[in-house]
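My entries follow in the order I made them.

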Amino acid sequence: MKTLIFACFAAGSVIHAETGPEAGKQVAQALEVKDEKGSKEKLRYWLALPPAEEKKPEAGWPLMIFLHGAGERGDNLDQVKQHGPPKLVGKEKALNSFIVASPQCPTGRWWDVKEIKQLVDHLSESQPVDRSRIVMTGLSMGGFGTWGFLAEYPDVLAAAVPICGGGKPETAVRFKDVPLHCYHGAKDNVVPQSKSDDMIEALKKAGGKPQYTIFPEAGHDSWTDAYATGGLYKWLLEQRRAAK
């Protein structure tokens, strides 16, 4: 039987969430959040906790937030499992070391980073999360969402992996110190490689040291190669946000 948790946030609002995830399984969850206009709505997401046999670090588990692309929007949560970490949970052993949360964006909408921040806050309160090791990755629309989250909340993430997305170059100075690995396909005819080029160049000009991988033969689907890249998850596990 599912129980209800009531989590209070700095803004004073009360958010309700369905909980009860089982270790080692990806479980459907829902969180009541407030959008930019202050209206309440339900954010549905998959939540995967590390298997019970995994030894929990003393400070808690790193948290990975995955933002899907435009094609997975809607109210069928199974669509979110088509690509990336929610597809690989249970198959990619390195993901056993993360709490993985994969929300779904409603039809006709764009990622609302304020809602994603509420999800991060909720999970940080309700699950054994190491707040110094929160990472985010997203593809296509989710890549744009990842860049947007960095711009709005530069002090939250320990690392980010935006894939075939883009952002506002003028915001790069805000998150220049966040470890970042960007991926894009050179033959992408949906989101041109120049979108990532511009962000990487802006980060470098601001003093950042981003990593950037271009797959010369990949089209828009550069995420399959990106999430299969050896060492990506190890790199993410090594990142920690410095205390301020």
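I call a residue buried under 20% relative accessible area, exposed over 50% and partly exposed in between, using a 1.4 Å probe and protein chains only. By that rule Ala-242 is exposed, because its relative accessible area is 55%. The model is predicted, so I kept to pLDDT of at least 70 for local features and 80 or more for side-chain atom pairs, while totals for chains, interfaces and linings use all residues. I number residues from 1 along each chain as its sequence is written, and side-chain values use heavy atoms, with hydrogens and water left out.

**Entry: the segment with Ala-242**

I took helices (H or I, at least four residues) and strands (E, at least two) as DSSP runs, numbered from the N terminus. Ala-242 comes in the segment after helix H6 (232–238).

**Entry: cysteines**

How many disulfides does the structure hold? I found 0, counting a pair of cysteine sulfur atoms within 2.5 Å as a disulfide. Cys-105 is in none, and the nearest cysteine sulfur, in Cys-164, is 16 Å away. Cys-105 is buried, at 1% relative accessibility.

**Entry: nonpolar cores**

In soluble globular proteins, nonpolar side chains tend to be buried together. I counted as a nonpolar core a set of buried Ala, Val, Leu, Ile, Met, Phe, Trp, Tyr and Cys residues joined through side-chain atoms within 4.5 Å. The largest has 40 residues, and Ile-65, Trp-147, Phe-149 and Phe-175 have the most contacts inside it. Among the elements that give it two or more residues are strand S3 (26–34), strand S7 (129–139), helix H2 (113–126) and helix H3 (141–152). Another core, of 24 residues, lies apart from it and includes Leu-95, Val-100, Trp-223 and Leu-232.

I then listed what Phe-149 touches, taking contact as heavy atoms within 4.5 Å. Leaving aside neighbours within four places in sequence, its partners include Val-113, Ile-116, Val-120, Met-136 and Leu-157.

**Entry: aromatic pairs**

I paired rings of Phe, Tyr and Trp (its six-membered ring) if their centres lie within 6.5 Å; planes under 30 degrees apart count as stacked, over 60 as edge-to-face and the rest as tilted. The count comes to 5 aromatic pairs. Trp-110 and Phe-144 are edge-to-face, because their planes stand at 65 degrees, with centres 5.7 Å apart. Trp-110 is in the loop between S6 and H2 and Phe-144 in helix H3, so the pair ties together parts 34 residues apart in sequence. Trp-110 is partly exposed at 47%, and Phe-144 is partly exposed at 24%.

Tyr-183 and Phe-215 are stacked, at 5.8 Å centre to centre and 10 degrees between the planes. Tyr-183 sits in strand S9 (residues 181–185) and Phe-215 in strand S10 (residues 211–215), so this pair ties together parts 32 residues apart in sequence. Both Tyr-183 and Phe-215 are buried.

Is Gln-26 buried or exposed? Gln-26, in strand S3, is buried at 17% relative accessibility. A polar atom of its side chain lies 3.0 Å from the backbone oxygen of Pro-86. Gln-26 also touches residues including Trp-46 and Lys-81. Lys-81 in turn lies over the face of Trp-46, 3.9 Å from the ring centre; I required NZ of Lys or CZ of Arg within 6 Å of the ring centre and within 35 degrees of the ring normal.

**Entry: His-220 and Ser-140**

His-220 is in the loop between S10 and helix H5 (223–227) and is buried at 15%. Its side chain makes a polar contact of 2.8 Å with the side chain of Ser-140. For a polar contact I took a pair of N or O atoms within 3.5 Å; within protein, one must be able to donate a hydrogen and the other to accept it, and residues adjacent in sequence count only if both atoms are side-chain atoms. Ser-140, in the loop between S7 and H3, is buried at 12%. Phi of Ser-140 is positive, near 55 degrees.
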